[in-house]
Amino acid sequence: MAEITGALRAISTPGNSSTTLMAQGSCHIDESYKYIFLPMCYLFTLVLSLGLNSIILYRSLRRTKQWNSSLIYMFNLALTDFMYGLSLPFLIASYIKRDQWIFGDFMCRLVRFLFYFNLYCSIFFLTCISFHRYLGICHPMKTITMETKKTVRAVCVLVWAVVFALTSPIFRFAKTEFSKNITSCWDDALDSDLLHYVPYGIFLHIVGFFVPFCIIAWCYSRVARTIFRTLRSPQFQSPAPALNKRRKSIKTIMTITLLFALCFLPFHITRTLFLALRASRMVDCQTMSVVSICYKVTRPLASFNAWLNALLYFLTKDKWGQNCLKPCKPENESKSSGNIFKPLP
């Protein structure tokens, strides 16, 4: 149970615990649930993310000569999801110790930075993969000229650089604070930095998530429309491998879009509301309590994407995903390309 009396104020700890008060009253928010719920969710993500993505990274590094544009994107996505998993043990330890941070101020800033850096790298690489699939299915000839290995590598480097620039201010805002005989690691910002942090946080949400989400939705809507058109054409009226491939592509596209929305949309909506209410000078206790709880409950959803990307890749039985689970074959016996990554006939 948390309580603060006095002027309207919001405090965020490692678990983003917040207690909001109105000008002449106190607001009690029971957040004891997060000390069990969040560590369990993050531990689950840690195990699956490191396990599944390490398989992809290990097997792909042994097949570098077989890489194409799709696999370069997938390798970078698996790398950032793997790095994301590495930041979770510190958060798990902090939650278990009930928001007490024992790793020092620098590690507080670094862990918070890595959390968001890898989160948005994952989103950006998923956007690149979506656009790559759009070009491969809707404009296959452009893929040949526009997406060479050299170009894709340059795009990947650009993604890392852009996301680093977007998330580097977290080094400034995230910090430790000693209060009530414990040291806490702030996820967002102290009250003194709130006026600068809230605009930055909302800007990060718009550029880091909402814009990529719109791009992904647009790409996959065009891909689905193109596939439906070919399915209705006379040459696809009878069963054929190409017909099954395109139907499978539609299912995969729908699954990826739904998972992307499920993982990231609730988190970014609730966090945007949380920041806006925290910056507001007039907010009632009940509203802030509901938003705060929703925000913390949706945080693990964003982390689930770190292992869902890899799991979905194996479950959709992409050719390269299957090869990752098999012994290496000679180079001329294996062509690494997923079924919906290639330009369809």
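**Around helix α4**

Mentor: Happy to! Let us begin at a pocket: the residues lining the second largest pocket divide into 10 nonpolar, 1 polar and no charged. Keep in mind that this is a predicted model. The pocket's volume is about 210 Å³. Its lining consists of F124, T127, C128, V155, L158, V159, V162, V207, V211, P212 and I215. Three elements, α4, α6 (149-167) and α8 (194-232), each give two or more residues to that lining.

Now follow α4 to its meeting with another helix. Helix α4 spans residues 104-138, and its axis comes within 9 Å of the axis of helix α3, residues 88-96. The two axes cross at roughly 120°, and α3 and α4 are therefore oblique to each other. Their crossing is left-handed. On the α3 side, L88, F90 and L91 take part, and they meet M107, V111, R112 and F115 of α4. Sorted by class, this contact has 6 nonpolar, no polar and 1 charged residues.

Helix α3 also has α2 as a partner. The axes of α2 (residues 69-86) and α3 lie 5 Å apart, at an angle of about 30°. Since angles under 35 degrees count as roughly parallel, that makes α2 roughly parallel to α3. Here Y84, G85 and L86 of α2 touch L88, P89 and F90 of α3. This contact has 5 nonpolar, 1 polar and no charged residues. Look again at L88 and F90 when you turn the model: they take part in the contact with α2 and also in the one with α4.

Definitions and conventions:
Residues are numbered from 1 along each chain as its sequence is written. This is a predicted model: local features need pLDDT of at least 70, side-chain atom pairs count only at pLDDT 80 or more; totals for chains, interfaces and linings use all residues. Side-chain values use heavy atoms; hydrogens and water are left out. Axes are lines fitted to C-alpha atoms, for helices over the stretch in contact, and angles run from 0 to 180 degrees between N-to-C directions. Helices (H or I, at least four residues) and strands (E, at least two) are DSSP runs, numbered from the N terminus. Angles under 35 degrees count as roughly parallel, over 145 as roughly antiparallel, 65 to 115 as roughly perpendicular and the rest as oblique. A crossing is left-handed if the near helix is turned anticlockwise from the far one by less than a right angle, and right-handed if clockwise. Contact means heavy atoms within 4.5 Å. Ala, Val, Leu, Ile, Met, Phe, Trp, Tyr, Cys and Pro count as nonpolar, Asp, Glu, Lys and Arg as charged, and the others, Gly among them, as polar. On a 1 Å grid over the protein atoms alone, a cavity is a set of points where a 1.4 Å probe fits but cannot get out, and a pocket is an open set with protein on both sides within 12 Å along at least five of seven lines; lining residues have an atom within 4 Å of a point. Grid points are joined across faces, edges and corners, and a volume is the space filled by probe spheres set on the points.
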